[in-house]
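Good morning, and thank you for coming.

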Amino acid sequence: QICNQHNAEAPNLEQGFHRMAQAEPNLDHDISWFLLPSCWAKIVVALISFLCFANSYDGDFVFDDSEAIINNKDLRAETPLGDLWHHDFWGSKLSSNTSHKSYRPLTVLTFRINYLFAGGFYPVGFHVINIILHCTISVLMLDVFSILLGGLQFTNKGRRLNLAPKTSLLAALLFAVHPVHTECVAGIVGRADLLCALFFLLSFLGYCKAFRENKEGHNFSIFWVLVSVLLGAIAMLCKEQGITILGLNAVFDALVINKLNVLEFVQKLLHKDKLLESTGLLRKGLLFRITLLMSGGASILYIRWRIMGTGPPAFTEVDNPASFADSLFVRAINYNYYYSLNAWLLLCPWWLCFDWSMGCIPLIKSVSDWRIIALAALWFCLIGLICQALCSEDSYKRRILTLGLGFLIIPFLPASNLFFRVGFVVAERVIYLPSIGYCILFTYGFSLLSKQAKKKKILAMAVLGILLMNVVRCVLRSSQWRSEEQLFKSALSVCPLNAKVHYNVGKNLADKGNQSAAIKYYREAVRLNPKYVHAMNNLGNILKERNELREAEELLSLAVQIQPDFAAAWMNLGIVQNSLRRFEEAEQSYWTAIKHRKKYPDCYYNLGRLYADLNRHIDALNAWRNATVLKPEHSLAWNNMIILLDNTGNLAQAEAVGREALELIPNDHSLMFSLANVLGKSQKYKESEALFLKAIKANPNAASYHGNLAVLYHRWGNLDLAKKHYEVSLKLDPTAPGTKENYNLLRRKLEQLQKKGS
């Protein structure tokens with residue numbers, strides 16, 4: 001039901017609660033909106049927020065999920081829990097030069113719990129937790145908005161009153177269905193933002209509880225202030241933005257609890273009035289509480305700084321080109337343009353992209369660029385709102401606008417490039433918390449329009465239409481986040497100039513075996529960003545596999561020229577040079593790769609293959625042994641050692657290596673096959689037979705497995721079994737080398753035996 005009536009409970013409660021100040025205007029009087037009991041409002045918000053993102057529950061691991069979850073060793077049981085406190089979000093040591101310094105151990109801990117309960121990397125459990133977190137946060141927003149929009153008042157029994165039930169419901173619904181939140185909910189790595197937001201809100205609500213027994217601002221609970229600081233610290237251990245809640249708590253205290261007029265306060269400060277006595281700051285304990293908040297915040301930041309180390313995170317120009325601009329003017333103008341884009345995503349979240357870097361937003365280099373209009377519009381609106389927030393004679397208006405701007409701007413500050421360089425241009429996930437401020441300002445603007453409008457219900461229907469459009473957009477965007485193919489292709493229309501988008505589409509196609517289409521997208525990525533070494537490396541790899549070795553060499557040589565410490569490109573260049581039979585250059589490339597990445601088992605494996613081609617058997621064995629030391633499950637290196645020792649007649653050593661390999665990788669059928677061949681040559685027929693049969697059970701369609709087992713039976717004298725497996729082998733692969741000849745020999749022998757028998 002859409003109604004204009006104020007909360008019916010309020011008139012009967014006037015004797016039952018104490019006020020922190022005299023009655024103020026209430027937004028609920030002015031708007032035509034749904035009035036629901038508190039429990040029903042929470043159910044509605046939870047259900048609608050669930051509806052928006054429910055279709056992402058069975059999505060894949062996409063984009064950054066691979067690095068943060070699948071390739072993150074901190075999720076596995078064998079990694080000590082203590083390592084989480086010394087590693088960044090991606091599992092790298094914080095002391096490493098390559099670390100992004102994103103310190104979120106509590107988020108990684110939840111990933112680890114997900115992994116352990118699921119028994120592996122099954123994305124459903126990860127997605128379900130994200131959806132539940134967003135629903136929980138959306139429900140909590142009802143309480144938060146009721147305080148921010150309606151004020152903080154309690155009954156004599158300490159129960160908080162909801163003096164803005166309609167406007168808090170509208171604001172919470174706006175938050176719950178905002179499409180810009182899709183990345184945080186449907187993308188599993190968005191768990192960091194969700195957990196941060198959860199403890200961010202709990203810290204705010206905890207701070208409000210400090211005034212439950214408060215009358216006229218005189219009394220407060222130090223316990224709840226300290227709890228609020230602790231919850232802020234937990235929020236920061238989920239994501240860095242969490243620390244900003246301490247500043248917002250201080251702003252809330254000054255504006256709502258102490259009814260501070262900021263402009264009047266500044267004027268008195270400038271005129272050196274008896275400030276503390278006239279404003280009652282000491283009497284009401286504001287300075288003491290702010291001291292607690294700031295001391296707690298400073299301590300948390302110091303501890304984090306000590307853990308992180310003094311070195312800044314390492315980002316490249318493609319991550320954030322404006323921050324690398326030489327001109328201060330270019331940096332400032334582009335930062336402000338990025339702010340305007342973030343504001344536009346809040347206002348019109350229709351064009352969404354998983355990544356906004358790498359040419360997606362070209363730099364503004366002069367004032368003649370038409371995009372300057374966006375900056376002017378942003379600051380025109382901000383300055384207007386700030387003037388109203390400071391200078392309006394309406395204290396309620398000042399409070400709402402200041403709180404709205406505070407929640408919009410303060411949580412965004414860590415992503416603003418003002419204090420340190422960040423590793424992105426625009427990121428939808430970082431406006432999850434600032435969208436709280438947007439919802440406050442939108443709701444207040446709606447109430448002002450409703451106050452002037454004659455047909456309030458038409459205006460309410462328009463807002464309802466916006467909510468419904470946002471729900472549809474959330475559902476559509478969530479479906480795009482279900483798979484990398486849909487996610488990456490959805491970005492082509494939004495950011496056609498983004499080289500990373502083309503790179504990711506190409507990589508996804510290459511992983512599916514569509515090399516021809518992948519080449520097209522990789523070439524476009526390199527065209528858009530001629531220094532995109534990862535695209536060059538991947539394109540060079542595909543060209544190498546298609547035997548287009550000359551172009552592959554050119555691309556990989558250019559990649560290592562641009563980034564001399566790119567170990568993977570050096571290794572791939574070595575593989576190409578080896579194929580071109582330029583062995584000395586290939587060896588040098590392999591060793592350069594190892595120089596830049598000490599623990600590089602795949603490079604040692606390829607180096608061993610080079611040495612094997614050159615008949616440098618000892619060097620080959622040493623290289624493969626290094627590969628298995630660095631990566632004990634490196635099946636190819638173990639296999640090559642066994643085969644080389646077998647081919648050179650070192651059967652005893654080959655057997656020892658084979659048994660060692662199978663102890664480490666007991667279910668690898670290729671190792672069973674290689675060791676079975678060695679045992680057969682050593683006339684250990686029974687053990688060899690058992691391994692062949694086990695390998696065939698694991699991979700029944702391998703023609704060579706049946707063919708070599710047939711050879712074993714042939715030698716052993718089990719001719720009928722030999723005939724059976726020769727026939728299976730030829731059925732699977734009629735062109736199998738040697739199998740047909742061996743089969744014909746066996747048939748002649750069987751015919752001779754039959755003639756003798758007759």
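First, the basis of the values. This is a predicted model, in which local features need pLDDT of at least 70, side-chain atom pairs count only at pLDDT 80 or more, and totals for chains, interfaces and linings use all residues. Residues are numbered from 1 along each chain as its sequence is written, and side-chain values use heavy atoms, with hydrogens and water left out.

The term salt bridge here means a side-chain nitrogen of Lys or Arg within 4 Å of a carboxyl oxygen of Asp or Glu. How many salt bridges does this rule give? The count is 27.

One of them joins Glu485 to Lys512, with 2.6 Å from N to O. Glu485 belongs to helix H19 (residues 484–494), while Lys512 sits in the loop between helix H20 (499–511) and helix H21 (515–528), so the bridge ties together parts 27 residues apart in sequence. Helices here are DSSP runs of H or I with at least four residues, and strands are runs of E with at least two, numbered from the N terminus.

Are these two side chains buried or exposed? Buried means under 20% relative accessible area, exposed means over 50%, and partly exposed lies in between, for a 1.4 Å probe and protein chains only. Glu485 is partly exposed at 31%, and Lys512 is exposed at 53%.

A second salt bridge pairs Lys681 with Asp646 at 2.8 Å, N to O. This pair also links distant parts of the chain, with Lys681 in helix H30 (residues 669–681) and Asp646 in helix H28 (residues 635–647), 35 residues apart. Lys681 is partly exposed at 40%, whereas Asp646 is buried at 12%.

The pair Lys723 and Glu727 lies within one helix, H33 (residues 719–732), where four residues of spacing amount to about one helical turn. Their closest N and O atoms are 2.7 Å apart.

Salt bridges also form a network, which links Glu655, Arg659, Lys684 and Glu687.

Residues 499–532 are 79% helix and 0% strand, with end C-alpha atoms 8 Å apart. For residues 703–736, the values are 82% helix, 0% strand and 7 Å.
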